[in-house]
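Visitor: I am new to this structure. Please show it to me, and then take a close look at one part of it.

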Amino acid sequence: MRIVIVGNCQARPLKEIIEALGNDVTVISTPIVHLLKDEDEQSIDADMIEADIIVTQLIADNYPCKFIQTNKLKQKYPNKIVTILNLFYSGYTPDWMYIRVPGKNTLKGPMGDYHNSTIVDSWLAGRTIHETAERLFDKQYNYDRYNKDVILSMNELSSREENVDVKIVDFIQSNLTSKRLFFTFNHPCLFLLVEYAMRILKKIGYPENLDSSNLQMNEPLSQFIPPLNSGVDFDFPVVKEFKGLEIAAIDGSEITTAGEKFYSPSEIVELYFSIYAENEDVIRSKYGA
């Protein structure tokens, strides 16, 4: 069986897992949606035509690259499409977000594209590095500020699942408090990816007795691991450590990163403060007075 998997950064790990679990399955292509342009249509179409099944995350009708929109694919390949979720849940880390730089991409930092709302607010308010680091792990503050976002995120995931062929929210809800399922809001852990891969295989005709116990893989999406927000009230130990990248240079919005680095709360706050000082106009225009 030949498959194409259309999606974001989750598509390539799903390819690796699906090929490992399904002995006679070949994933011939993984078009990464945010990298596609309209001029890519002909080359992607060649893979779509060759494929027996096209597994795709839901791509909205207003997505800039038109040919990859899910409804367009359904019209073109009506008997091949199997839709899946973009696994997105911010309940572990509701304080993390992107900052877009006008005319450019996302503002980078020690956690790649990810920024922390509490750190941004603290910088704008003139709090010290120490005060901000303490606030990151203040349980009551974080509960009051972010708990509603935890609830909304699960509601949103459940709502989006109503429109896809392969379900997974039941598994997420069952395992949410016993095991960390997401490193960041859009980077699920291997445990969740494996379960979703098995459900995808079953949907396209594989037997119910798929066995992942011998699967040997490293975590594919663990480059950035912020601590769980202290206010979300999940029963996990509080780890005050941030896995990210070393910052080699800061030149306005041009942030140069180096290799992997683990940060203490104070270290990461100090770095973000430096980045925001270099990009003051962007931060104040978006979030400040």
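What percentage of the contacts in the chain with a separation of 6 or more is accounted for by residues 24 or more positions apart?

Guide: The model shown here is a predicted one. To take the percentage first, residues 24 or more positions apart account for 68% of the contacts with a separation of 6 or more.

Some figures for the whole chain give the setting. The chain has 289 residues, and 52% of them count as buried. Its secondary structure consists of 10 helices and 10 strands. A compact globule of 289 residues would have a radius of gyration near 19 Å, and the 20 Å of the chain therefore agrees with that expectation. Taken along the principal axes, the box filled by the C-alpha atoms is roughly 60 × 45 × 35 Å. The accessible surface is about 13,900 Å², and carbon and sulfur atoms hold 46% of that area.

Now to the sheet, starting with strand E1, which covers residues 2-6. Four of the five residues in E1 are buried, so the strand is mostly covered. E1 has strand E3, residues 53-57, as a parallel partner, and four bridges link the two. One detail of this pairing is that valine 4 has isoleucine 54 in E3 as its bridge partner. E1 also pairs with strand E2, residues 26-29, again in the parallel sense and over three bridges. Here arginine 2 has threonine 26 in E2 as its bridge partner. Between E1 and E2 the chain passes through helix H1, residues 11-21, in a right-handed β-α-β crossover.

Glutamate 195 sits in helix H8, residues 190-203. Its relative accessibility is 16%, and because buried means under 20%, glutamate 195 counts as buried. Apart from neighbours within four places in sequence, glutamate 195 is in contact with Ile168 and Phe171. Proline 102, by contrast, is exposed, with a relative accessible area of 64%. Proline 102 belongs to the loop that runs between strand E5 (96-97) and strand E6 (115-116). Along the chain, proline 102 and aspartate 61 are 41 residues apart, and 24 Å separates their C-alpha atoms.

Notes
Residues are numbered from 1 along each chain as its sequence is written. This is a predicted model: local features need pLDDT of at least 70, side-chain atom pairs count only at pLDDT 80 or more; totals for chains, interfaces and linings use all residues. Side-chain values use heavy atoms; hydrogens and water are left out. Buried means under 20% relative accessible area, exposed over 50%, partly exposed in between (1.4 Å probe, protein chains only). Two strands pair if DSSP finds at least two bridges between them. A crossover is right-handed if, with the strands pointing away from the viewer, the path from the first strand over the helix to the second runs clockwise. Contact means heavy atoms within 4.5 Å. The radius of gyration is taken over C-alpha atoms; the globule rule is 2.2 Å times the number of residues to the power 0.38. Accessible areas come from the Shrake-Rupley method with a 1.4 Å probe; for residues, only the protein chains shown count as cover.
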